[in-house]
Amino acid sequence: MAAAWERFIGHRVLPKAALVVLAAALVAGFLLVRSERRDAHNAEVLDTACGGVLPRAAISGGLLPGDETWELYRDLDLTGPSGRGPRTLLRCSVQWDAYWGAGSGSLDLAAVPVLDFAPTGVRLRDILSASAAKEPRWATAYLDATTQVTADCPGGLPGYPRPVTRFRVHASLEGDGAEVTGAPEELRGAVAAAANHVRDRGGCGGPAVKPSDVGPPPTGPVEDRDEESDAVPPSCRWFRPGMLDGKAWGRDDREPDGVTGDDVDACSLRVPRAKPANRLDHVAEVGSVSWRGPLLPEVRTVYGAELAALSRAPEPESGEKSYTLAVWAESSCSGARTLSRVTVTTAESALAAGRADRILAAYLAASDCRAVKVLGKVWK
């Protein structure tokens, strides 16, 4: 044995070769252990992230680099009855950093409710001012995402004071992996899986979200995505300037302002008069509001005195700079019990009195309202 060892250590090549083999075996063993630990850690991340709903095959097979260690940040799951109207239903961020060479990235996913604006009151000015408020960053983040979907929740998400029948899921993939073939399709699958998790936990009902439902966010600058600045709001499209002998809006005229919501539709507009009757008769104004559902009791309280004075208010005195006539009606619009108010403001009382009924009728007809009962008029 001693002689063999002497020959071995005296050989010019064998000792060095043996060291190389030993070092390679140690490195291979280290890498194997590290790989097994990394795989176990990554599997735990997938089991935890976003309620554990991310499709394992798609995530580990293409979206995230399997040879890197993933770290989970900002993980949150408030789906189901656990949260009281959270602004974020589901959220997770899986990030990675390459140990050797360049390369890092992240997969970020979030689900948020789509909340209608909450007016501070039921008067026209309150409704319009609430709708003009800037949306928070969490509500518009989907505009900068890689892909997104808006899902219906007919049963309503639990925990909110007002019905929330829609939510949005968006995801972004950045860094290594974003350009991998098949990544967009796999990312759509992850978004669809998260959306169905929210649906199931929230008791939404309705059809499941499919990967084909998921797509890129609207294009164009953020400030221009909702509607073009010169477009007439949907709640104002029923009106025609000719209803008050007016002319089309010009570049310098104030644009119509309108809101369309689950429980209220509102519009305020100014009409340039085509043939003014006097120096004050250059502009007429029209306002329209329709309230439904939970807003009706508050409307009857706020406008109690006005409703009580319908058809009993005296005619306006002459000599005023303008006259406003309010007309009220009850009806059924799209199957919902609705209370509507239209106001007409003109420089001559006769014009408002002569056109208010026809303007109200046009407004209700455009809103597909049936069983209309005109409650009366009152001068303001």
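**Exercise 1. Which elements each supply at least two residues of the lining of the second largest pocket?**

Before we start, keep in mind that this is a predicted model.

*Step 1.* Start with the space itself: the second largest pocket holds about 360 Å³.

*Step 2.* Sort the lining by element. You'll find that β2, β3, α5 (137–140) and β5 each bring in at least two residues.

**Exercise 2. Work out the strand order of the five-stranded sheet, and say which strands stand at its edges**.

*Step 1.* Read the strands across the sheet: β1-β2-β3-β5-β4, in an open sheet with antiparallel pairing.

*Step 2.* Pick out the ends of that row. β1 (70–77) and β4 (147–152) each have a single partner strand, so one side of each has no neighbour in the sheet. Going from one strand to the next, the twist averages 10 degrees.

*Step 3.* Zoom in on one pair. Strands β2 (residues 90–97) and β3 (residues 104–113) run antiparallel and are joined by eight bridges. Take tryptophan 96 as an example: its bridge partner in β3 is glycine 105. As a reminder, strands of a sheet pair through backbone hydrogen bonds.

*Step 4.* α6 (residues 183–202) lies across β1, β2, β3, β4 and β5 (166–175), and it runs at about 145 degrees to β5.

**Exercise 3. Find the residues that touch the most other members of the largest nonpolar core**.

*Step 1.* This core has 38 residues, and the ones touching the most other members are Leu109, Leu157, Phe167 and Val169.

*Step 2.* Ask which elements give two or more residues to the core: they are α2 (14–48), β2, β3, β4, β5 and α6. Helix α6 has the largest share, with eight residues.

*Step 3.* Check one member up close. Skipping neighbours within four places in sequence, valine 169 is in contact with Leu109, Ala110, Ala111, Thr147, Gln148, Val149, Val191, Ala194 and Ala195.

**Exercise 4. Is leucine 63 buried or exposed?**

*Step 1.* Apply the cut-off. Buried means under 20% relative accessible area. Leucine 63 has 0% relative accessibility, so this residue counts as buried.

*Step 2.* Compare sequence with space. Leucine 63 and serine 106 are 43 residues apart along the chain, while their C-alpha atoms are 9.6 Å apart.

**Exercise 5. Repeat the strand analysis for the six-stranded sheet**.

*Step 1.* The order is β6-β7-β8-β10-β9-β11, again as an open sheet with antiparallel pairing.

*Step 2.* At the edges you find β6 (257–260) and β11 (369–379); each has a single partner strand, so one side of each is left without a neighbour in the sheet. The twist here averages 15 degrees from one strand to the next.

*Step 3.* Look at the β6 end. β6 and β7 make a hairpin with three residues between them. Four bridges join β6 to β7 (residues 264–272), and aspartate 257 has serine 268 as its bridge partner in β7.

*Step 4.* Finish at the β11 end. Eight bridges link β9 (residues 323–333) to β11, and the two strands run antiparallel. For alanine 326, the bridge partner in β11 is valine 378.

How values were computed: Residues are numbered from 1 along each chain as its sequence is written. This is a predicted model: local features need pLDDT of at least 70, side-chain atom pairs count only at pLDDT 80 or more; totals for chains, interfaces and linings use all residues. Side-chain values use heavy atoms; hydrogens and water are left out. Two strands pair if DSSP finds at least two bridges between them. Axes are lines fitted to C-alpha atoms, for helices over the stretch in contact, and angles run from 0 to 180 degrees between N-to-C directions. Contact means heavy atoms within 4.5 Å. A nonpolar core is a set of buried Ala, Val, Leu, Ile, Met, Phe, Trp, Tyr and Cys residues joined through side-chain atoms within 4.5 Å. Buried means under 20% relative accessible area, exposed over 50%, partly exposed in between (1.4 Å probe, protein chains only). On a 1 Å grid over the protein atoms alone, a cavity is a set of points where a 1.4 Å probe fits but cannot get out, and a pocket is an open set with protein on both sides within 12 Å along at least five of seven lines; lining residues have an atom within 4 Å of a point. Grid points are joined across faces, edges and corners, and a volume is the space filled by probe spheres set on the points.
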